[in-house]
Amino acid sequence: MPSLKTISAPILFALFALFASQGRAPSRENTRGTTPFCCGTRLLLQAVRDTKPGPTVVARAIAVLQTCVFDAWTAYDDGAVPTEPHRLWRRPAAERTDVRKAEAVTYAADTALHDLFPTEGALFDGLLAEQGYPAVPPSLDLSTPSGIGVAAARAVLDFRHHDGSNPAG
């Protein structure tokens, strides 16, 4: 059975090969009409190209961003289990709309991106505007999509800040 080390090296190489770029910023024209998930991932990859962290930091940042987004999304699904459980996040069936999911996921991605790459704030500031949301969450109340998105991201980030592998210290 292959070891984790022999499996992870080709995966990391494939990720870098797939997302290699000539250093161009993401086009605003290309991000309109796409999902918040795609926009957050695209911006993370641009931050990686701009800051050039090591492979382990990149892999961790991708995982943390996707976990924040996933945990926000779980509030709007019947059976999904978030990685950082919180009973108040699960929304009633009447609130489980694509619009609410998109808002929660967008705020989760924005919160995570600013935490993971604090020097790249100017790059991320357009994410919310591109999706039609105000830069400051309209509410941090857990009964709102923006509140759920921010809370989900903060819960994941709080855990990851103390998991022993945080590159920020």
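Is Lys 52 buried or exposed? Keep in mind that this is a predicted model. Lys 52 has a relative accessible area of 65%, and because exposed means over 50%, this residue counts as exposed. You can find Lys 52 in the loop that links helix 3 (36-51) to helix 4 (55-74). Its backbone is worth a look too: phi of Lys 52 is near 55 degrees, a positive value in a residue other than glycine.

Now turn to Ser 146, a residue of helix 7 (residues 145-161). Its relative accessibility is 1%, so Ser 146 counts as buried. Leaving aside residues up to four places away in sequence, Ser 146 touches Glu 103, Tyr 107, Pro 137, Pro 138 and Ser 139.

Finally, look at a pair of helices. Helix 5 (residues 98-116) packs against helix 6 (residues 121-130) at an angle of about 175 degrees, and their axes are 10 Å apart. The two helices are therefore roughly antiparallel to each other. Helix 5 contributes Thr 106, Tyr 107, Ala 109, Asp 110, Leu 113 and His 114 to the contact, while helix 6 brings Gly 121, Phe 124, Asp 125, Leu 127 and Leu 128. Sorted by class, this contact holds six nonpolar, three polar and two charged residues.

How values were computed. Residues are numbered from 1 along each chain as its sequence is written. This is a predicted model: local features need pLDDT of at least 70, side-chain atom pairs count only at pLDDT 80 or more; totals for chains, interfaces and linings use all residues. Side-chain values use heavy atoms; hydrogens and water are left out. Axes are lines fitted to C-alpha atoms, for helices over the stretch in contact, and angles run from 0 to 180 degrees between N-to-C directions. Helices (H or I, at least four residues) and strands (E, at least two) are DSSP runs, numbered from the N terminus. Angles under 35 degrees count as roughly parallel, over 145 as roughly antiparallel, 65 to 115 as roughly perpendicular and the rest as oblique. Contact means heavy atoms within 4.5 Å. Ala, Val, Leu, Ile, Met, Phe, Trp, Tyr, Cys and Pro count as nonpolar, Asp, Glu, Lys and Arg as charged, and the others, Gly among them, as polar. Buried means under 20% relative accessible area, exposed over 50%, partly exposed in between (1.4 Å probe, protein chains only).
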